[in-house]
Amino acid sequence: MSVKVGAKRKHFQIENNGDYNEAKKVSLFTRANLIKCQHLKKKRSVPAKKTRKGKRVVKQIDVDQQATGIHFQEEIIVEILKRLPVQSVLRFKCASKSWDALISDPGFRMKHWSPDSKSEKLLIRQRSLTQRDVNEECSFFGLGYDATSDGYKILKLNITKYPNQSIEILTLKSGSWRKICNHPTIDFPGMGCKLEIYPYPNKIFPFDPLVYVHGAFHWLGHLMVERKVILVSFDISNEVFGDLPLLEEMFVRVPGLSDISISLLDGMLCFHLTDVPLDIFKLWAMKDYGVKESWTVLFTIRVCDLSLVRPRYRFPDGDLLLYAPGELPHQGLNPWSFKFQTFEGKYGCWPQREFIEKGIVYTESLISPKLVI
Amino acid sequence: MVKLKSNDDKEFEVEEAAVIQSEMIKNMIEDGCATSVIPLPNIDSKTLIKVIEYLNKHINMGKAAETGEEDDLKEFDEQFVNMGWEELFDVIMAANYLNIHELMELCCQSAADRLKNKSVRAVREMLKITNDLTEEEEQEIINDAPWAFEGPEIDDTVN
């Protein structure tokens with residue numbers, strides 16, 4: 001009588017006498033013999049060419065068993081390769097034909113591309129801007145990979161010419177911008193009509209990038225009539241707008257003197273509020289995407305001389321790298337005097353340089369835009 | 001207690017609570033297939049001793065968080081993977097065979113850390129890969145991403 005086990009993983013036939021897992025044993029032995037064989041060859045210091053010849057003979061003896069042996073090994077190789085940086089993985093394509101094929105395989109590319117906090121890196125961009133550039137450059141951008149169409153898309157919120165603002169999308173494969181609408185709309189209870197959602201005005205940080213997470217771009221919008229803040233989402237695959245729940249306590253106490261924004265930290269969508277009159281910076285993270293109850297306060301900081309703070313990066317130990325302008329707006333804001341500072345102060349103030357613009361968190365990917373155009 | 005037998009015919013007694021971290025053995029026990037000694041024809045005694053050491057230490061993972069022994073466990077894990085390359089690979093193959101998820105994660109991460117900066121030649125030797133690419137094919141791969149083959153960190157040693 002035989003019993004089937006290993007439901008989640010592999011199905012083995014188990015015999016009552018304990019002689020189980022026959023198929024796998026064979027494949028392992030084949031592999032073990034193969035390695036032994038290679039070791040022997042090496043010890044005898046046979047030239048490389050002959051070793052290869054010898055191995056081909058082994059392959060011919062039993063192609064089926066050999067194939068299972070390689071498969072088994074591949075499972076482990078994938079487990080290791082997916083933990084390597086992109087640079088190493090691309091280099092190791094040169095190891096052999098099968099490694100090249102394995103690493104180039106779309107399935108592996110997707111496996112490797114699984115953004116988590118471990119793979120996030122911080123890039124500090126240094127750039128010299130003039131006031132003139134700022135006035136001309138009034139769009140928010142976001143970049144995301146759409147697994148459905150296997151391509152990159154860039155979303156642009158053009159806020160340059162009020163009220164002729166628009167939302168446009170660029171699919172890298174098509175190479176041209178396509179207008180989606182002027183503004184997304186929302187059904188508003190009690191109003192009996194749809195209301196337009198405008199991008200939440202933010203004069204201090206005109207370049208906050210859109211937050212891309214969970215297959216959608218996100219930004220803050222508001223309704224002109226109600227002064228209600230809305231967390232807008234735009235699905236990258238089916239290009240549909242939506243909105244995510246916020247908490248009552250997140251709404252700005254004193255509009256104009258306070259600041260709200262969103263960002264991505266540790267793979268979680270975060271909402272932050274800087275209450276300037278109270279000198280308090282508060283950060284919530286949405287632990288389960290889309291679930292209102294999962295909003296959790298991660299940090300409450302008395303900001304003192306730091307107003308209008310943006311979190312930029314969360315260190316592996318949980319500490320937060322903040323980015324903020326040096327002076328309060330009403331003291332005459334110099335837009336270039338931004339500085340980095342950590343929450344717990346372990347890293348102190350980061351070296352201040354004249355033209356540090358901002359820090360960007362990025363994740364490496366094997367899916368090169370070149371490959372999917 | 002569960003009895004395990006290595007491929008060099010040595011028997012080891014392990015507490016059930018420890019051994020069921022192996023999905024494979026857990027399934028066998030649940031299906032009533034582990035009444036006598038469980039032979040492990042792919043694992044030698046040296047490797048099996050390492051695996052059992054790990055299982056015994058991680059026996060109550062959940063409790064470690066409550067009693068504040070997390071750091072202790074972290075230190076153990078760091079020490080545990082501090083072994084030779086061949087030995088590490090033996091443990092990976094055993095962990096994969098026995099389906100011990102956490103051990104697989106730990107050892108594969110260590111393997112990845114060691115391979116990260118290795119040259120192509122070093123990787124071939126460490127993983128016993130026979131190069132069957134022609135020079136032209138190799139050059140083509142290099143041309144696709146030349147930056148991946150450059151840099152002072154690339155290490156040609158095998159260990």
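B:E53 and B:K50 form a salt bridge (a side-chain nitrogen of Lys or Arg within 4 Å of a carboxyl oxygen of Asp or Glu), with 3.8 Å between the closest N and O atoms. The two residues are three apart in helix α3 (residues 45-57) of chain B, which means that about one helical turn separates them. Helices (H or I, at least four residues) and strands (E, at least two) are DSSP runs, numbered from the N terminus. B:K50 is buried at 17% relative accessibility, while B:E53 is partly exposed at 37%. Buried means under 20% relative accessible area, exposed over 50%, and partly exposed in between (1.4 Å probe, protein chains only).

## Basis of the model

This is a predicted model in which local features need pLDDT of at least 70 and side-chain atom pairs count only at pLDDT 80 or more, whereas totals for chains, interfaces and linings use all residues. Residues are numbered from 1 along each chain as its sequence is written, chains are lettered from A and ligands numbered from 1 in the order in which they are written, and side-chain values use heavy atoms, without hydrogens and water.

## Chain B and its helix α5

Chain B has nine helices and three strands, in the order β-β-α-α-β-α-α-α-α-α-α-α from the N terminus. Of its 159 residues, 43% are buried.

In α5(B), the buried residues are B:L73, B:F76, B:D77 and B:F80. They fall within an arc of 100° seen down the helix axis, so they line one face of the helix; the arc is that of the directions from the axis to the C-beta atoms. B:D71, B:K74, B:E75, B:E78 and B:Q79 are exposed on the other side of α5(B).

B:E75 lies in this helix, which spans residues 70-80, and has 53% relative accessibility. B:E70, B:D71, B:E75 and B:E78 form a negative surface patch. Patch residues have over 30% relative accessible area and no salt bridge, with like charges joined within 9 Å and nonpolar side chains (Val, Leu, Ile, Met, Phe, Trp, Tyr) within 5 Å.

## Other salt bridges

The structure holds 17 salt bridges over all chains. B:D72 pairs with B:K57 at 3.3 Å, N to O. B:D72 is in helix α5 and B:K57 in helix α3 of chain B, so the pair ties together parts 15 residues apart in sequence.

In chain A, the side chains of A:D146 and A:K153 meet in a salt bridge at 3.6 Å, N to O. A:D146 is buried at 1% relative accessibility, and A:K153 is buried at 6%. A salt-bridge network links A:E79, A:K82, A:R83 and B:E105.

How values were computed. Areas by Shrake-Rupley, 256 points an atom, 1.4 Å probe, with all protein chains shown as cover. Lys, Arg positive; Asp, Glu negative; His and termini not counted. Charge placed at Lys NZ, Arg CZ, Asp CG, Glu CD.
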